[in-house]
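Please look through the sequence and the structure shown below before reading on. The report that follows takes up the overall make-up first and then turns to particular places.

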Amino acid sequence: MIYFLVYMFVEIFVSYEFTKIFTPFGMFLEILASAVFGMMLLRTLNFALAENMQKVMRREITQEEFISIGMFKFVGAILLVIPGVFTDILGILMQFEVFGSFVAKKLITPKETYKQNPFESDIIDVEIIEDKNVK
């Protein structure tokens with residue numbers, strides 16, 4: 001409950017300061033532009049997910065990071081649709097993979113570590129040669 005009250009205070013304060021500088025018409029245009037941008041991001045989210053899937057397959061990011069980055073992009077697009085300047089700032093930040101992967105590394109502990117070469121393993125291939133002189 002306290003986090004929600006802090007969020008509401010910051011949202012109202014930032015929106016008020018934005019409206020003082022850019023007038024109420026500027027605030028209206030900002031809300032309209034961010035909503036359109038958020039809807040466009042929601043429609044093209046599958047392309048970003050496909051790009052991140054390629055990174056998982058190349059072992060550049062872990063599966064947990066893939067999930068969290070995808071969630072950050074989705075939540076960021078939703079925040080852009082919601083009216084408010086502070087939510088728009090958060091929504092834009094969540095669209096950057098640097099921010100998403102930083103938060104993902106802090107929040108999620110990896111279950112397994114990946115090796116650089118997917119063909120490396122701890123298995124040793126052995127060939128048995130039978131000696132015909134030994135009975």
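## Overall make-up

Of the 135 residues in this protein, 28% count as buried, and it should be kept in mind throughout that the model is predicted. The protein contains 5 helices and 0 strands, and reading along the sequence gives the pattern α-α-α-α-α.

## How helix 2 meets helix 3

Helix 2 covers residues 45-57, while helix 3 covers residues 63-81. These two helices pack with their axes 10 Å apart and at an angle of about 165°. Since an angle over 145 degrees counts as roughly antiparallel, helix 2 and helix 3 are therefore described as roughly antiparallel to each other. The crossing that helix 2 and helix 3 make is right-handed.

Which residues meet where these helices pack? On the side of helix 2 they are Leu45, Ala48, Leu49, Asn52, Met53 and Val56, and these meet Gln63, Phe66, Ile69, Gly70, Lys73 and Phe74 in helix 3. Sorted by class, the contact of helix 2 with helix 3 has 8 nonpolar, 3 polar and 1 charged residues.

## Lys55 in helix 2

Lys55 also lies in helix 2, and with a relative accessible area of 18% this lysine is buried, because buried means under 20% relative accessible area. When residues up to four places away in sequence are not counted, Lys55 touches Glu60, Ile61 and Glu97.

## Aromatic pairs

Rings that pair have their centres within 6.5 Å, and by this rule the count comes to 5 aromatic pairs. For Phe9 and Phe13, the ring centres are 6.3 Å apart and the planes stand at 15°, so this pair is stacked; the reasoning rests on the rule that planes under 30 degrees apart count as stacked.

Phe9 and Phe13 both lie in helix 1, which covers residues 2-43, and they are 4 residues apart, about one turn of the helix. Are these residues buried or exposed? Phe9 is exposed, with a relative accessible area of 60%, whereas Phe13, at 48% relative accessibility, counts as partly exposed. Ring pairs also link Phe4, Tyr7 and Phe86 into a cluster.

## Positive phi values

Where in the chain does phi take a positive value in a residue other than glycine? One of these places is Thr23, where phi is near 70°. Thr23 has its place in helix 1, and with a relative accessible area of 41% Thr23 is partly exposed.

Another such residue is Arg59, whose phi is near 65°, again a positive value in a residue other than glycine. Arg59 is found in the loop between helix 2 and helix 3, and it is partly exposed, with a relative accessible area of 37%. Arg59 thus belongs to the loop that joins the two helices whose roughly antiparallel packing was described above.

Technical notes:
Residues are numbered from 1 along each chain as its sequence is written. This is a predicted model: local features need pLDDT of at least 70, side-chain atom pairs count only at pLDDT 80 or more; totals for chains, interfaces and linings use all residues. Side-chain values use heavy atoms; hydrogens and water are left out. Buried means under 20% relative accessible area, exposed over 50%, partly exposed in between (1.4 Å probe, protein chains only). Contact means heavy atoms within 4.5 Å. Axes are lines fitted to C-alpha atoms, for helices over the stretch in contact, and angles run from 0 to 180 degrees between N-to-C directions. Angles under 35 degrees count as roughly parallel, over 145 as roughly antiparallel, 65 to 115 as roughly perpendicular and the rest as oblique. A crossing is left-handed if the near helix is turned anticlockwise from the far one by less than a right angle, and right-handed if clockwise. Ala, Val, Leu, Ile, Met, Phe, Trp, Tyr, Cys and Pro count as nonpolar, Asp, Glu, Lys and Arg as charged, and the others, Gly among them, as polar. Rings of Phe, Tyr and Trp (its six-membered ring) pair if their centres lie within 6.5 Å; planes under 30 degrees apart count as stacked, over 60 as edge-to-face and the rest as tilted.
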